[in-house]
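Start from the structure below.

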Amino acid sequence: MKNIIKSLFIVGLFAMTSCETNLDTINENPNDQASIDPKFLLTYVSKSAFQVNGDNMYASRMMIGTDGENTYQYMKWNDASFDVYSSGLLNTAKMMQEAEKINNKNYQAIGKFYRAYYFFNLSLKFGSIPYSEALKGESGITQPKYDTQETVMAGILSELKEANDLINSNDKIEGDIIYNGDATKWKKLINSFRLKILITMSKKTTLGTYNIATEFASIAGSQPVMTSISDNGELKFADAADSRYTMFNNSGYGSSLYMADYFINMFKTRQDPRLFTFAAQTTGAKEAGKAITDFTAYNGGNPTSPYSDNAALVTAKNISKVNDRFYKDATNEPSAVLSYSELEFILAEATARGWISGSAKTHYDNAIKASFTFYQTYVKNPNQYFAGFDVNQYVTTSLVVYNDTAPLQTQLEKIMTQKYMTMFHQSQWTSYYDYLRTGFPNYPLQTGVSAPFRFRYPQSEYNYNSTNLKAALTSQYGGNDNINSKPWWLQ
């Protein structure tokens, strides 16, 4: 890892970003290009991209804080950062440049995947963003224009198509901590991510030159996609420096972070044992000697109540903390940006919408079963949670069973509820974005407070790229940069 960091320092000196950094201060000698083996950059970019994002857990009503007012829990966030331009995207660009020097198409293909991944998340977070002119400081573009959200989404779909065409079984992939050099699995992830982008744009009919439903059907019907949890796009952690689980030894997890009742109650009402892997018993239940598998031993706090009210539940010993494996287990579970379970939910939704033929119920059931397989595989001592549990019986119970002939909104509610239940510390902000576009599951909100649609642009853009930023704000939001301005993908 020290060698990787040393290499990245060189990248920071000799490759130019376009947004977050004051460009006058870097790259005095652009002709002095240092060469770096792309395998080091692949390791670093993968490790960075696949980390767990805990903020989403508050916004998605899964966790609450008890020691202060968390801005995500109370839907009061403001600006976010463009740091990913000067870290993930910059190093991805350098990896692709180095891969071109040695004519390795696989690193270029994976680079296109990471470009798509980063730009996808940036655009969902803000709306219009620098895309076509981003990362072109060496060409003299230090104040890039903002591209519309439609342009960005159509562009990254095209990049992923190119990535699918580039990936091959001949060029070696070293430094690969996701798939250990397996190009076939990268191809499946690339195509599965194309489907994720398309389903996320479900409120639209077209995306640039793409017809969304037609393109989805073409990819799902003709390209390799994930078929089991062994294909998950996930990072496995190791008990070694710089490789441990993201939340390992996180002091907040050990002291003031607790479970939200909205999330916990979904599992309690369905008698779903995955709850036991996410949450700890209340102190009162533990002192009373209740079994780990006793659903009455778990209770959450109200994410819309003042944090002092939830702190009172702590005093009363009647609120569950996050299961301590999330901060005491150095390896814990892998962190996925896209899993086989999520893909099956995506396919279920596409079937329900009529984009592809088949049974939405089959995909829905497959998704649930894959989620249970994941936890039974990676949670330590799974028998203490899942002994006697039959997932085939679970999918037939009244609150879970799926009906292919139900109205679309009923089907979507089933899909989104169960999809949401798989995303505790997984898939980053996906559950929140699903809620914004479908309304499911129906998050509890404080009276008079709406769920934000986006983040404000970072102050650095006002400082260094204000002309282009203001033009983007005017064209999107009438000049208003606030969290309740609705971006194109939700209109």
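H425 sits in the loop between α19 (408-421) and α20. In this predicted model, H425 has a positive phi of about 65°, yet it is not a glycine. Its relative accessibility is 2%, so H425 counts as buried.

M75 also has a positive phi without being a glycine, at about 55°. M75 belongs to the loop between β1 (63-65) and α4. With 5% relative accessibility, M75 counts as buried.

A cis peptide bond runs from F440 to P441, with omega near -15°. P441 is placed in the loop between α20 (430-438) and α21 (459-464).

## Largest pocket

How much space lies in the largest pocket? The volume is about 550 Å³. The lining counts 19 residues, and N53, V84, Y118, K125 and Q428 are the closest to the centre. The largest share, 6 residues, comes from α5. By class, the lining of the largest pocket splits into 9 nonpolar, 8 polar and 2 charged residues.

Why does the largest pocket lie between domain 1 and domain 2? Domain 1 covers 81-225 + 453-490, and domain 2 covers 228-451. The largest pocket lies between them because both domains give residues to its lining.

## Second largest pocket

The second largest pocket holds about 430 Å³ of space. Its lining has 23 residues, of which A279, A280, Q281, K286 and D324 are the closest to the centre. Helices α12 (283-287), α13 (307-315) and α14 (325-328) each supply at least two lining residues. α14 gives the most, with 3 residues.

## The loop between α13 and α14

N323 is in the loop between α13 and α14. Is N323 buried or exposed? The relative accessibility of N323 is 6%, so N323 counts as buried; the cut-off for buried is under 20%. The N323 side chain makes a contact to the backbone oxygen of F276 at 3.0 Å.

## Helix α16

α16 spans residues 360-378, a run of 19 residues. From first C-alpha to last, α16 reaches 27 Å. That is close to the 27 Å expected at 1.5 Å a residue. At the start of α16, a side-chain oxygen of S359 comes to within 3.3 Å of the backbone nitrogen of K361.

Which residues of α16 are buried? They are A360, H363, Y364, D365, A367, I368, A370, S371, F372, F374 and Y375. An α-helix has 3.6 residues a turn, so residues three or four places apart point the same way. Among the buried residues of α16 are A360, H363, A367, A370 and F374. Y364, I368, S371 and Y375 are buried in α16 as well.

S466 is found in helix α22, residues 466-477. The relative accessible area of S466 is 25%, so S466 is partly exposed. How far apart are the C-alpha atoms of S466 and D231? They are separated by 43 Å, and the two residues are 235 residues apart along the chain.

Methods: Residues are numbered from 1 along each chain as its sequence is written. This is a predicted model: local features need pLDDT of at least 70, side-chain atom pairs count only at pLDDT 80 or more; totals for chains, interfaces and linings use all residues. Side-chain values use heavy atoms; hydrogens and water are left out. On a 1 Å grid over the protein atoms alone, a cavity is a set of points where a 1.4 Å probe fits but cannot get out, and a pocket is an open set with protein on both sides within 12 Å along at least five of seven lines; lining residues have an atom within 4 Å of a point. Grid points are joined across faces, edges and corners, and a volume is the space filled by probe spheres set on the points. Helices (H or I, at least four residues) and strands (E, at least two) are DSSP runs, numbered from the N terminus. Ala, Val, Leu, Ile, Met, Phe, Trp, Tyr, Cys and Pro count as nonpolar, Asp, Glu, Lys and Arg as charged, and the others, Gly among them, as polar. Domain bounds come from an automatic or database domain assignment. The expected span of a helix is 1.5 Å times one less than its number of residues. Buried means under 20% relative accessible area, exposed over 50%, partly exposed in between (1.4 Å probe, protein chains only). A polar contact is a pair of N or O atoms within 3.5 Å; within protein, one must be able to donate a hydrogen and the other to accept it, and residues adjacent in sequence count only if both atoms are side-chain atoms.
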